[in-house]
Amino acid sequence: MTSQHSTTNTSTRPTPSRRKWFIDFQVRRNDRLSVTTNENNTTVLANTNSTKLLVSPLGFSEQRLSDLLTHEDDEHLLARRSWDIALQPIKQLPMNVVLAWMAGNSFSLMSIMIVVMLFMKPIQAIFSLSSAFSSLQQEGLVGNIWLHKIMYFLGNLTHLALALYKCQSMGLLPTYNSDWIAFADQQTQMEMSFGGVTYF
Amino acid sequence: MTAIPSYLYYIEARWRKVFEANDYGKIDRIIWYDQEGVIVTGNGRRVRALRYADGLEVWQLAATSGTNSNEETISKSCQVIKNRFDPGTIHILNDDLLWSVSSYGEMLWSIELPTKPTLKSLFLFSTSQYVIVTSLDSNSNKLQVTYYSKQNGAQAFSSSIPWSFNAKDSQSKCSTMNNIILCANNAELSMITIPTTIDDTNINTRQIQFSNPIEQIRVLYESNTRSIVSIKTDNAETKVYQFNKKDSTNEWSYHELNIQIKSNAFYSVVSDKNSGGQQILEGSASQQKLNFYLSTISEQTLTNTRSYSIELPENMGDIEYLSYSNVKHTQFVTLRMQDASLLVIKLADNGAELILHRDEALSSIISVEAFDLSLSSGQMRIEDEFGGTEMFSMFVRRISSQISQLTSFVMRLMNMFTNAHANREYMDKQAALVRDEFNLNKILIVVTSVGKVFGILTQSGGILWKHYFTDFAPFEHFNTLQVPLFHIRSAAHYTHPPLASIVYRDRNSLYETHVRTFNPYTGDFEESLSTSSLPHRIKRVFLSTQIVNDFCKVLLFVDANNKIHTYPTVPLSRALSTTTPTYIYLFDKAEQAFIGYYLTINENEQESSTGLKEVWRVAFQNEQVINIYTRLSSDRVHSAGIVLGDRSVLYKYTNPNLIAVVTEGIDYQKVPFVSIYLLDTVTGSLKLSHTHKRVKSPVHVVLAENWIVYTYYNQRYRRYEAVSSSLFEGEAQYNYSSFSSFDPIEPVIQSKAYILPYGVNAIQVTTTEKGITSRDIIMAVPNGMLIEIPWMLFDPRRPFDLTSMDREEGLIMYTPDIMVNFESVINYYKQVYNIRGIHTVSTGLESTSVVFAYGLDMFFTRVFPSRLFDQLKDDFDFMFIGWSTVAFVVGSFIAKRYAAIHQTKKAWK
C-alpha cells in the first residue's frame, strides 16, 4: 500500500513540513484514499480489490489544523533572519581588521595570503548575494528583503575597502608617479646637433 | 716563388716584455750583445738588459734626473752609442746628462752637462780614451766639441768649430759615422772629421757634390776602418758610398759603389765572417712582390750578385725597414712594411721563403665599429613571410615559406646522413658569418693608424679580411689620431648588404680627402660610394640622420667656408630631418673656441651646399681644451627618473646635446688645474663646470644618460681619482613628452669624488639594447687588467649617513675608496697592456653587452651588468627538469587511476 502526500503551494498556504515526500508502509483501517480516486484510477482499482473504501465523515478535513496564526510569526522571523544575514559582514569586519593588522606591512607568505583572502571573500560574497539569502526562501520565508541585500552588499564593500587600505599600506597600489614611470615614453628630441673638433 | 708555410721554422713569441706606456717606455735604441740586449728607453733615462733566452730583465738602471725635473724641457733627442774600441761600454747622452753604462749593468759615471737655452747637445762620439760631445751654441753659431774622459767622465778638453746649420737642421739633416759628421747641405754633402785625440786639433772638412738636393743620409754599416752610407737624393736616386780609413792616419777615403739603382730600394749590409768583406742586400717592393739582390762588396764593385723574389700574400705597401742577417749560413731578411707588417724571409738557394708574417698594425687601432652579422636564410624567410600587406599574398607567402623551411630541413637532414664530415670546415666558416640567436657575435671593423682595415670575427678573433690603403693618412683629434668610420647601411636591411665608410686624408697632400665604402663582411668596395678626392677641404664629417637611397645614409661634410656638402650629392632636405632644427658645433683649435651654427635647410634647394649661421660662441681663455667627449650614439635611456625611497620620482636631466669638454691650464698662482665642462651644443650654455687644482691629465671621461664619470691624477695626494656627477631636473618634469635645450631647466647637479685603486688607461660604459640593464664602468688599468665596476659604486647620490629611505632605494653608503673585487676583473689572467680605447656594443639580449678593448693588445668578452636575468644559467639542469616533468605526468595518470578505484570502492561500502 502506498500513499503519497504532496505539498502543493498553489491553492492554499501549506503547513510547514519537514519532509518533501515519504512512503508510508503502514496499512490503516481508515485509509483516506478516496481523494485520489479521480486522479489515480489504477491505484483505486487495485485498492478496491482488497479493501473496502469508506467515505470520509462530514466535517473531516484533510488539513491538520494548527492552533496559531502563522502569518505574523513568519514576518517577524523573516526580518530577524534577514537582518542577521545582512549584518553578518559588518560583524566580521573587526575580526578582519585585527587579522590585517596582525599580518603586518612586510611581504611574506602569510601577509600575501591574508591580502588575497581579504579580497576574495567579499568579492565572492557579493557574487553569491542571492544565494546568501536563499536559505530564507528554503525555510519558506518570503518577503521584501532588498534593503537587507543592499546592507549586505555595503558590508562587503567595507571589507573591500579594508583590503584596499591594506594594499595601500603595503605599497601595492600604483598611486605614485614612480609606479607609472616605466610606462613613460622617451622624450622626443626637439633639436639635433652634430660636430666636433675641426680637422685642420 | 710562392710562400709556403714552413714547419721547419715554426716561429712563435717566446716571451714579451711590455714597457711603460708613457715616455719612459719609448725605446731609443737597442744594443745587441751575444746573450742579452741592452735597451735604452725614455730619452736616455732608463737602461735595462733583457736576456734573449727567457726575457728576464737582468738589470735596470735609471739616470739620476738632472736638476730641473720639469718635464717640459726634456727634449725628444737622445744619443746612444756603443764605444767603438770597448764594446762593453755604452755612452748615453740626452740634453743635460751624459752617462756611461757597462754591459753588465754597472753605472760607470754620469755627469750633468751645462744647460743653457742656447746650447744644445747634438752628437756623441767615442774613442778609446774619450767620449766626445758636440753641442751647438746658437749664439755664436759654433759647434763646441768637448772631450770627456772615458774612465771617469772628467772634462778633459774643449774646442769649437764654426757651424752653419741651426739645431733643428742639424738633427734632421746630419748623421754621424765613426768620428765623422755627415751633413746634407742642399746638393752638397759635408764631411766633418772630429779629431779623436787632444794632440790632433785640426778639424777636417770635405765636400761631395751631388747633382740633386740630398733627401736622406743613412749609415748602413760602420766599423773602425770601413763605413757604408746610402745617400738618397730628391729625384729618388740612391747612391751608396763606401768610406775606408787610411792606415795610420785619421783620413778617410771614399768611393761610390756601383749598385743597381732602384728608386725605392732599401739596403742592409752585414760583414761576412768567412771572407772578411761585406755583403749588401738590396730590397725593393713592387705591388705584391719583393725583390732582393744580395751581393758581396769587393773594393769598387759588387760581385757574386744573386737575386731573389717573393710574392707576398697581400699588398703591404713599400718597405719601411730592412735588416739582413746571416745566422749559421742561413740568410734571413727581416722587414717592416708600410702597413706595419713584420716579415721574416729566408733566402736559400732554391729561392726566398716567407716564414713569418705578423700584422703589427693591430696594435695601432684608432677606430672601431661593430656590425651585426647577416641573417641566416631561414631568418630571412621569416622576415619575408611577414613582409606582405595584402591578405591573399600574405597567405601565399606564409605557405610557401613554410614549405621551403620544410624542404630545407629535409635537405639538411639528408646532407647530414650522406656526407657527415665532408665539408665541415666550410660549413663552420659559413655558420660563423650567420647571426646567432641572440645576436651576440659581431664583426668588428677596425681601422689602424697605418691605414690597414681589418674585419675581425668576435667569436674566434679570426681576421676575416684585411685591406691596406696605400694613400692613407688619419685625421688629428687633439693629440690622438682619428679616422671617421660610419655605418652607411646597417645590417637591419637584409635584402641589402651592410656598408661601412671611412673618411681619411691623402698621405701626400693633406688637403685631399678620400671616402671609401666597403662591405664589412667581405671588404669588397662599393665603387659607386667611394671617391678618391672630394672637391673641397673638409673641416668635419658626420652622418645624416635620414636614410636616402637604398637604405643608405649619406655623409655630410663641413668645408673650409662653412658650407655643408653631402656625399653622394643629395638635397640636404632629404639627408636631414626638416622638422627638427639642426645645429652644428665646431671647435676651432687656433681660437680655442666652440662655435655653434644653425643649419637652415631649404626645402626647394637642390644644391647640396648650404651655409651655416653662427648662433653662439664659447671661447676658453687661459686654459687649453685637451679633449672633448660625446655620449655614445648607442646610448639609450630607459627610465625618465629615479624612484626615491618615499616613492616619489627624481627626474633625470637627459640632454642629448651635451658634450664634455676637458681643459687644462695653469692659474695665476702657478698651480696646474684641470676643468671639466658640460656644454649644451644647441644653446652654447654650460650646464656643469668643475675645476680641480693640482691635478694632471690624462683625463678619461664617460658621458652617458644623465651622468658623467671622469678620472684624473691628483698630484697633491699622488693618486688616481674619479669624479661622478649626475644631473637632475628635480621632483617634477618640465615637459614629459619632449626635450628641448631651450627649455628653462636649471639642472640640479650632484657630485661625489672617489679614490681609484689603480691608474686608468681607458674607460667606457656598457651599452645594452634598451638601456634597462644597470650600467657598469669598464676600466683598463696599467697593470693589464680590465675591471668592471658597477656604476652604483660611482653613484653621486651615495649618502654619508644611510637612512632607511636610502636603503629602500638601494643606495650604498659613501666610502671614498672604490673597492675592486678581483672577481670583477673581466680578463682574468689574460692581461692586456697599454689599452687606448674600449668599445662596447649591445646585443640581442638585454642583459648582455659586449666589450672590445684595444691598444697594444686586444680583448673581447661579454659582460652582464645585471647578471643573467633573461637567460638560463649554464649549469641549468635540463635533464632534471625534463625527467621530473615526465615523472609528474606519469605519476598524475597513475594517481588518477588509483583515485578512481578508491572512489568506486568507497561508493560500494
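Modeller: Let's start on the outside: the face of α3(A) turned away from its buried side carries the exposed residues A:Leu109, A:Met110 and A:Phe127. Bear in mind that this is a predicted model. The buried set in α3(A) consists of A:Ser111, A:Ile114, A:Val115, A:Leu118, A:Pro122, A:Ala125 and A:Ile126. Looking down the axis of α3(A), you'd find these buried residues within an arc of 120°, so they line one face of the helix. As for length, α3(A) has 19 residues and spans 27 Å from its first C-alpha to its last, close to the 27 Å expected at 1.5 Å a residue.

A:Ile112 also sits in this helix, which covers residues 109-127. With a relative accessible area of 42%, A:Ile112 counts as partly exposed. In sequence A:Ile112 is 55 residues from A:Cys167, yet their C-alpha atoms are 9.6 Å apart in space.

Now for the partner chain. Contact between the chains involves 23 residues of chain A and 53 of chain B. Together they bury about 3400 Å², 55% of it on carbon and sulfur atoms. B:Lys539, B:Arg540 and B:Arg647 supply 19% of the area that chain B buries against chain A, more than any other three residues. B:Arg647 turns up again in a salt bridge with A:Asp179, where the closest N and O atoms are 3.1 Å apart. Several strands of chain B each supply at least two residues to the side that touches chain A, among them β34 (475-477), β39 (538-543) and β42 (582-588). β42(B) gives the most, with seven residues.

Over all chains, the structure holds 26 salt bridges. One of them pairs B:Asp857 with B:Arg16 at 2.7 Å, N to O. B:Asp857 lies in the loop between β60 and β61 of chain B and B:Arg16 in the segment before β1, so the pair ties together parts that are 841 residues apart in sequence. B:Asp857 is buried, at 14% relative accessible area, whereas B:Arg16 is partly exposed, at 48%.

Another salt bridge joins B:Lys452 and B:Glu314 at 2.5 Å, N to O. B:Lys452 is in strand β31 and B:Glu314 in the loop between β24 and β25 of chain B, so this pair links parts 138 residues apart in sequence. Both B:Lys452 and B:Glu314 are buried.

How values were computed. Residues numbered from 1 in each chain as written. Chains lettered and ligands numbered in written order. Predicted model: local features only at pLDDT ≥ 70, side-chain atom pairs only at ≥ 80, totals over all residues. Heavy atoms only, no water. Helix = DSSP H or I, 4+ residues; strand = E, 2+ residues; numbered from the N terminus. Buried < 20%, exposed > 50% of the residue type's maximum accessible area, 1.4 Å probe, protein only. Expected span 1.5 Å × (residues − 1). Arc of directions from axis to C-beta. Contact = heavy atoms within 4.5 Å. Buried area = accessible area lost by both parts, 1.4 Å probe. Salt bridge = Lys/Arg side-chain N within 4 Å of Asp/Glu carboxyl O.
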